[in-house]
Amino acid sequence: MRAILPQRRPDCVIIHPVFSYRHAFHAGNHADVLKHVVLVALLAHFRRKDAPFLVVDTHAGAGMYALHEGFAAQRAEFRDGIARLWSRRDAPEAVAAWLAAVARHNPGGVLRHYPGSPMLAFDALREQDRLRLFELHPTEYRVLEAQFARLPRGDARRVRIERIDGFVGIKAVLPPASRRALVLVDPPYEDKHDYGRVVAALREALRRFANGCYAIWYPQVRRREAATLAGTLERWPGLRWLNIALSVARPPAGGFGLHGSGVFVVNPPFGLEASMRTALPYLVDALAQDSSAHWSLHGHEAAVN
Ligand SMILES: C[S@@+](CC[C@H](N)C(=O)[O-])C[C@H]1O[C@@H](n2cnc3c(N)ncnc32)[C@H](O)[C@@H]1O
């Protein structure tokens, strides 16, 4: 007996959100600036002790972006991000440390490339540290793999890249043998289910490794789920957290435009709050797109079980 298959309209192509998002369009924009300033500050904290640490990037992206070619050049969002800060010599410590990390990939002083979170994390690793990267998009995965394929064998040994769902992959890597881990959770949120999946993944991650440091990036967009995510995390019982946010413009009247973003850090290291308190006003001043630009910093110091 022949199965009767549903008819598909020939002009109807459904693109799954995972495959429609390309981070290159946004590389180096104001949201990348905030996320990567926080990431570099957290990595510096982990390097302070000799004990090995693991970095996990659940949504890694392509790893490196050429700013004047392809997708990144099309919208040139970096012009209102890294480009506004690139030549500044008056940056506070946390911003200066991130600028120095970007400069390592731009020898000669001309801004051409923007390193994504995998590269920033890799640059901070020492011999004893490890990096696990998850990326689901086939093209982004291939580019990411190619970036790291250039490394000498010894360096490559410290990095493992997998084309799997980061929300699933995170479970297998926690707790780390080293008992020190920094986990960046940075989904595209094009699929509104990402908001719920972040909360579920954090719950599972904390069950496996309560002492890990988790940095969760979230967008400020006109969407109900986006407005409630940070509140949900802030009300989490018994959690120690720091919510770092930067709005660069007033919310657009229509549409889903990104007018700011935040990084919700679970188990923030000592010193992060103080460094962000200096960095955020500077970032508002440099990245403001209108007079409503502002920053916020909230924290809760409850003991972690
Ligand atoms: C915001 S970008 C990552 C940017 C990167 N973390 C950085 O800061 O440079 C999100 C990435 O997640 C990928 N992605 C989407 N859903 C995923 C999933 N469930 N698991 C792993 N990767 C996913 C997308 O293809 C995209 O490259």
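**Loops, helices and ligand shell of a predicted model**

Arg179 is found in the loop between α9 and β6, where helices (H or I, at least four residues) and strands (E, at least two) are DSSP runs numbered from the N terminus. The structure is a predicted model, in which local features need pLDDT of at least 70 and side-chain atom pairs count only at pLDDT 80 or more, whereas totals for chains, interfaces and linings use all residues. Residues are numbered from 1 along each chain, in the order in which its sequence is written.

Although Arg179 is not a glycine, it has a positive phi of about 60°. Arg179 has 13 other C-beta atoms within 10 Å and is partly exposed; by the definition used, a residue is buried if 20 or more other C-beta atoms lie within 10 Å of its own, exposed if 12 or fewer, and partly exposed in between, with C-beta atoms placed from the backbone. The loop between α9 and β6 is also the place of Pro175, and the peptide bond that leads from Leu174 to Pro175 is cis, with omega near 0°. A positive phi, of about 50°, is found for Ala76, which is not a glycine either. Ala76 belongs to the loop between α3 (70-75) and α4 (82-85) and, with 16 other C-beta atoms within 10 Å, is partly exposed.

The confidence of the predictor in each residue is given by pLDDT, on a scale from 0 to 100. The chain averages a pLDDT of 91, and 92% of the residues score at least 70. Over residues 1-15, however, pLDDT stays under 50, and for this stretch the model has one contact beyond four places in sequence, a contact being a pair of residues whose C-beta atoms, placed from the backbone, lie within 7 Å. Where pLDDT is low, the predicted coordinates should not be read in detail.

Around the ligand there are 21 residues, of which His59, Gly61, Gly116, Ser117 and His137 come nearest; a residue is taken to be near a molecule if its C-beta atom, placed from the backbone, lies within 6 Å of it. This shell divides into eight nonpolar, seven polar and six charged residues, where Ala, Val, Leu, Ile, Met, Phe, Trp, Tyr, Cys and Pro count as nonpolar, Asp, Glu, Lys and Arg as charged, and the others, Gly among them, as polar. His59 is found in the loop between β1 (54-57) and β2 (64-66) and is buried, with 26 other C-beta atoms within 10 Å. When neighbours within four places in sequence are left aside, His59 is in contact with Phe134, Glu135, Gly166, Asp186 and Pro187. Ser117 is one of the buried residues of α6, together with Pro118, Met119, Leu120, Ala121, Phe122 and Ala124, and α6 is mostly covered, with seven of its eight residues buried.

Strand β1 contains Val55, which counts as buried with 29 C-beta neighbours inside 10 Å. Beyond residues up to four places away in sequence, Val55 touches Ala121, Leu131 and Leu182. The C-alpha atoms of Val55 and Phe122 are separated by 8.7 Å, although these residues are 67 residues apart along the chain. In the loop between β4 and α7 lies Leu136, which counts as buried with 21 C-beta neighbours inside 10 Å. From C-alpha to C-alpha, Leu136 and Gly166 are 7.6 Å apart in space, while 30 residues apart in sequence.

Helix α7 (residues 138-149) has twelve residues and reaches 16 Å from its first C-alpha to its last, close to the 16 Å expected at 1.5 Å a residue; the expected span is 1.5 Å times one less than the number of residues. Its buried residues are Glu140, Tyr141, Leu144 and Phe148. These residues cover an arc of only 100° around the axis and therefore lie on the same side of α7, the arc being that of the directions from the helix axis to the C-beta atoms. They pack against α6 (117-124), β4 (130-134), α8 (153-156) and β5 (159-162), whereas Pro138, Thr139, Ala146 and Ala149 are exposed on the other side of α7.

Helix α10 (residues 193-208) has 16 residues and spans 23 Å from its first C-alpha to its last, close to the 22 Å expected. The buried residues of α10 are Asp194, Tyr195, Val198, Ala201, Leu202, Ala205 and Leu206. Because they cover an arc of only 130° around the axis, they are on the same side of α10. Their packing partners are α9 (166-173), β6 (181-185), β7 (213-220) and α11 (224-234), while the face turned away from the buried side of α10 carries the exposed residues Gly196, Ala200, Arg203 and Arg207.

How values were computed
Contact = placed C-beta atoms within 7 Å.
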